[in-house]
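Me: I would like a close look at a single part of this model, followed by a connected account of what surrounds it.

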Amino acid sequence: MNNFINPNLPTGEVEGAWQKTIKNLSNLTIENKNKFEIIIVGCGLSGSSAAATLAEEGFKIKLLTYHDSPRRAHSVSAQGGINAARSILDEKNKIVIDQLFQDTVLGGDFRAREASCQRLSELSSSIIDQCVSQGVPFAREYDGTLATRRFGGAVVSRTFYARGQTGQQLLYGAYQALSRQVNLGNIELFTKRDVLDLVIVNDIARGVIARNLINGNLETYKANCVVLATGGYSNVYYLSTNSLKSNATAIWRAHKRGANFANPSFTQIHPTCIPPEGIYQSKLTLMSESLRNDGRIWLPKKINSKDDPENIPEHERDYFLERQYPKYGNLVPRDVASRRAREICEKGFGIGFGGKGVYLDLQDSINRDGLEVIKAKYGNLLEMYERIVGEDPTKVPMKIYPAPHYTMGGLWVDYNLMSNIDGLFVLGEANYSVHGANRLGANALLQCLCDGYFISPKTITSWLANNKSMDNRSIDEACKEALNYVDKKVKALQKIKGEKPVDYFHRALGEIMISKCGITRNRNDLKSALEEVEILRNNFYSNLKIPETNSGLNVELEKALRVEDFFELSILMIKDAIEREESCGAHFREEYQTKEGEAKRNDELFSHIAVWKFNSDNNSHIRFSEDLNFKKINLNTRNYK
Amino acid sequence: MRDFISIKFKVWRQVSNESNGLYEEFSLEKVSIKLSLLEALDQLNEELTTKNIRPITFDHDCREGICGSCGFLINGQPHGPKRGTATCQLYMRNFKDNALIILEPWRAKSFPIIQDLSVDRNALDKLIISGGYFSTETGNSPDANSIPISPKQAFSSFETATCIGCGACVAGCKNASSSLFVAAKLAHLGQLPQGINGKKERSIKMRKQMTIEGFGQCSNNLECEAVCPKEISADWISWMNKS
């Protein structure tokens, strides 16, 4: 532990602490707010909601995104739903808030701050009010009240949803609120911009450098403070459930400029995705894990079996999850299901391309409930599967395999969502806050909207109220320095003139990362991964080919700039995974497991957030830690056996 | 059925909106039928890059049919031959060995060409910006259960709210009309009790903006409905005109 990491946590009881904190935050008059400009990078749920809210309050917003429209951000893909602790009875409110709080902390395996998880739970109900008033068409009960469903890792029904398109509907709510502010002149939209650097003036974040993706020009944006809401970095694995352009560049560049990175190795793998089918496959599509309610997961008992699943008789099938976990069966948590699937496939029992797949079989449920019932339950999912794979999942068992899905790690922020760089706020998946070592299902959308609608508008206002002055001359110098830096970086990549396209390197990086720093990790593999990434990275710098395009638009260059940063981030992820000598949540170190093969935490040594600082003087990283203390909840071990 | 096929692509190539365009032909061998059409284009682009030929520019991102980024004409049809399917969800098993696939950008006055198959659909955002929202502000929302909404009403609103803003309806219409796009947004908001008050004003603003952006009049050909990857019904256009 050291003193310079100060999370600015509230003192006293965690319950109600956020409301007390708000009372002590500074405010500004509307006239004063008009004088401040804020840069927001990213237009997903957290970026859009923060932009809309801050603009409503009177600030002038510059919103930058690489999309052509804010409606396209990756939040749009979230299927399942959003958690909220709501009760019609006031006296039950505390109980439901406590439940969501507990499930969030337990789900994260005690590696997140208690006070932030409590705040998330307390604010959750207002999020639903907010979204409904924007016109989000949530599912309803017959009496017209909001409907909920149960989600993985939860015993209560508190997930609000709009069919399998909850993320889309919530994003459109925020996008419309944002559009209204564009109309009122409070938000200026800069689409098709890749943010490639952060501008820091006298230790305060005051701007960004962006590349205009249409004409290739580098542009400078200045403001009183900067908000990064740029999402997660699962694409470090090349194949993931993320949209193809999702990347780490903005947060990585901020990190290189001094923003600390927290727990980079904490990445979540989703157990039920459609497996890869060949080398040109570009993404892994998620199939909602609700399918595990009615699908039985199995593999042939015979090793390397090439038989069609329909022809494998019952006694030659291994329902390995039911066998290993008689109590939970196919409904064990995400990370457990993923690990068991990988383990058995590595032994040679896997099916499909490269032996990386297991069957998810709906047949018994169809026999029990009838085809119509199953179709009504999963209709659009089954159609989606058939469109992609070309097989009818009601006749042939589905093939599934775990895939990288979400990154809990991200830029370190304090309780106010500000990084260690003054004036640099980080929201949503891009930060490290409430999810700990494993995110609870349906908490991602919730965190984004809490950050954007309710937390950051208050804390940003307060910070601005106390940091009113701007030194315009120093800003211009800092912008020039950053612009030159980016210009050199872009030109250096174009100068390589090797023979391999960027995807070749990205695929190879992904293979190293998924096999050695993915579902499970061990010291030897991590050490060799470090060497392999370094070799590949050197090859990238000598053998990359970016075609000449005779216009500023250059998609291969865009990708190369992202992959360059993924290389550096991978190295930090591996180092972080090596240093954390315990298993917790989604971080599973093979050396640290119980007799039953479950994750074994080491609270004595690792009940902390690993905080990585980049030292530009010698181009190295230093690991610090922020201790985690639990007052409201006792540290205990989960057990699904 | 063969696992790998050969494809001949005929692709519209245009460096920018200011330059002239032309068709170019490319052959691609050993295309797995398990790939999506966009993945086959990725494969082709890797080949072009290696040969130092400018890769084909097209929009895409989520590759699961929900972000609305992708979309071009595939053999003359927006999003290709499969109903209710966005371009990224079209798989090569839908094509025969040695097939010719013609790819062209959306053609509409309101969608200037950026490059090759990529067009500027900013005009759709401008329609939303003109009035496609409720005037609610953060922190001023009543209890979400204070206004009951029947499941039928919520679902009907949801169905129109699924529009992904891809622009296929405009590209499919001979008048390049955005009527379905606007009707879908008006129906999403106008069917909810929260949206009753501003219903008329919203409609006036958005329809006025359609003209400003250069979208044409509804052609009543129902092509918009036929090409919509979310299968939004053209009946909503009549609903819009009536209300």
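Is Thr21(A) buried or exposed, and how many other C-beta atoms lie within 10 Å?

Reply: This is a predicted model, in which local features need pLDDT of at least 70 and side-chain atom pairs count only at pLDDT 80 or more, while totals for chains, interfaces and linings use all residues. Residues are numbered from 1 along each chain as its sequence is written, and chains are lettered from A and ligands numbered from 1 in the order in which they are written.

Thr21(A) is buried, with 21 other C-beta atoms within 10 Å; a residue is buried if 20 or more other C-beta atoms, placed from the backbone, lie within 10 Å of its own, exposed if 12 or fewer, and partly exposed in between. Thr21(A) belongs to helix α1 of chain A, residues 17-24, where helices are DSSP runs of H or I with at least four residues and strands are runs of E with at least two, numbered from the N terminus. Although 438 residues separate Thr21(A) from Thr459(A) along the chain, their C-alpha atoms are 9.7 Å apart.

Eight bridges join β6(A) to the antiparallel β7(A), residues 204-212, and Asp194(A) stands opposite Arg211(A) in β7(A).

Technical notes: Pairing = 2+ DSSP bridges.
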